Amino acid sequence: MIKLQPDIHKADLQICNNCIYDERVNGIHFDEEGVCNYCHQIDDLKDQYGTGQKKGEDQFAAIVEKVKKSGKGKKYDCIVGVSGGTDSSYMLYLSKQLGLRPLAVHYDNTWNSAIATENIRKVLSALDVDLYTHVTDNKEADDIFKAFFKASVAEIEASTDLALAETMYRAASKYGIKYVFEGHSFITEGITPVGRNYFDGKYIKSIHKKYGSMKMKTYPLMTFSRFLYWTVFKRIKKIRPFWYINYNKEEARAFLEKEYDWKYYGGHHLENRMTAFFHSYYMPIKFNTDFRNNTLSARVRMGKTTREEAWKEYNTEPHLEEDLLNYFKKRLGLSEEEFQRIMDLPPKSWYEFPTYKKRFELLRPLFFTLAKANLVPMSFYLKYCFPAKKNK
Ligand SMILES: [Zn+2]
């Protein structure tokens with residue numbers, strides 16, 4: 001059992017009256033009714049996208065028609081990024097149901113659990129979908145992870161998210177595909193506020209340069225110019241179908257288990273060991289932050305659980321796989337003492353290192369136009385193009 005720092009879950013906090021975000025959430029403020037700005041943001045997005053209503057469904061149907069048209073004469077219509085998790089597996093099924101010809105894309109950071117790898121294989125073979133994978137050399141991938149750990153910053157697994165984005169663009173470009181589908185749902189996940197979870201190519205490069213020991217060779221780094229190349233020049237669009245249509249994660253999971261013998265990894269991000277370390281140990285212990293409030297708040301907003309139940313669950317210790325810490329130390333070549341010494345270093349923040357953040361803010365009007373045209377996700381615009389409220 002891990003011991004959380006004493007003040008991580010204390011009761012005398014202001015908590016939103018509509019979800020379980022509390023005053024420690026970055027950039028939070030409450031209205032006269034005690035409802036937080038993130039609840040309002042989700043309501044606004046629901047209105048704007050018509051999520052789960054006729055408006056949203058019609059819009060999505062129109063997008064699907066465009067996707068089909070753009071894929072005429074090509075082998076594939078769209079890219080679906082896969083991790084072996086619920087959202088991306090279901091997204092593959094959905095795209096086949098819609099009569100699309102998806103190409104599945106996976107970024108392998110070499111920390112996948114066996115369950116994830118098996119899930120990907122099962123779903124792809126049942127749906128007869130091809131897979132494009134980018135595998136970074138495992139020593140290099142570990143060198144990047146270790147650099148983030150040594151830097152004492154929170155975004156220890158950011159290199160995976162950005163690499164998947166770059167890998168999807170590369171696959172799209174290789175096959176002339178104009179649409180990338182992402183399994184994100186602001187309803188089931190919420191939009192996590194920028195605070196301690198920022199990343200971009202410059203950030204990854206600068207951390208790795210300072211704290212890494214190898215050359216970056218096989219890692220697919222998305223620099224600013226590559227980002228503009230994919231979005232402005234290649235005009236590859238990013239679509240998040242669950243922003244338009246109704247999506248029920250529990251039902252999707254049950255369906256996948258029944259249809260494809262897909263296995264659930266227990267809701268603890270066990271599809272990937274680095275993700276599991278990040279959520280169940282690193283963030284709670286070193287950064288006093290427990291991201292389970294995102295999904296729990298989403299469940300409260302959807303009426304699937306009460307605030308009381310969710311708050312109670314949030315205040316339990318995160319589940320930690322037995323051998324995870326040993327695996328982490330062993331893979332990164334850290335002795336017990338070294339691991340503890342780094343864990344005990346004072347936390348640092350992304351804004352202490354070079355990033356593209358200022359450039360994103362300066363180019364806000366451009367990114368608004370790109371977001372409106374689905375060339376970058378709207379959540380990128382909302383999160384990255386405005387000054388972030390720094391952690392207290
Ligand atoms: Zn709220």
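Ser89, Leu92, Tyr93 and Lys96 in helix H3 meet Asn119, Val123 and Leu127 in helix H4. Contact here requires C-beta atoms, placed from the backbone, within 7 Å. By class, the contact of H3 with H4 has four nonpolar, two polar and one charged residues. Ala, Val, Leu, Ile, Met, Phe, Trp, Tyr, Cys and Pro count as nonpolar, Asp, Glu, Lys and Arg as charged, and the others, Gly among them, as polar. The model is predicted: local features need pLDDT of at least 70, side-chain atom pairs count only at pLDDT 80 or more, and totals for chains, interfaces and linings use all residues. Residue numbers start from 1 along each chain as its sequence is written.

H3 covers residues 86-97 and H4 residues 114-127. Helices (H or I, at least four residues) and strands (E, at least two) are DSSP runs, numbered from the N terminus. The axes of H3 and H4 lie 10 Å apart, at an angle of about 5°. Axes are lines fitted to C-alpha atoms, for helices over the stretch in contact, and angles run from 0 to 180 degrees between N-to-C directions. H3 and H4 are therefore roughly parallel to each other. Angles under 35 degrees count as roughly parallel, over 145 as roughly antiparallel, 65 to 115 as roughly perpendicular and the rest as oblique.

A second pair is formed by helix H5 (residues 138-151) and helix H8 (residues 201-211), which pack at about 85° with axes 8 Å apart. That angle makes H5 roughly perpendicular to H8. Ile144, Ala147, Phe148, Lys150 and Ala151 represent H5 in the contact, and Ile207, His208, Lys210 and Tyr211 represent H8. The residues of this contact divide into six nonpolar, one polar and two charged.

Helix H1 spans residues 37-49. At 1.5 Å a residue, its 13 residues should span 18 Å, and the end C-alpha atoms are 18 Å apart, which agrees. The expected span is 1.5 Å times one less than the number of residues. Tyr38, Cys39, Ile42 and Tyr49 are the buried residues of H1. A residue is buried if 20 or more other C-beta atoms lie within 10 Å of its own, exposed if 12 or fewer, and partly exposed in between. Exposed residues Asp44, Asp47 and Gln48 sit on the face of H1 turned away from the buried side. Gly50 follows H1, with a positive phi near 60°.

Arg299 is found in H12. Arg299 is buried, with 20 other C-beta atoms within 10 Å. Leaving aside neighbours within four places in sequence, Arg299 contacts Lys304, Thr305 and Ala310. His319 is 20 residues from Arg299 along the chain, and their C-alpha atoms are separated by 19 Å.

Arg235 lies between helix H9 (224-233) and strand E5 (237-239). With 12 C-beta neighbours inside 10 Å, Arg235 counts as exposed. Asn374 lies between helix H17 (364-372) and helix H18 (378-384). Asn374 has 18 C-beta neighbours inside 10 Å and counts as partly exposed.

Notes: Two residues are in contact if their C-beta atoms, placed from the backbone, lie within 7 Å.
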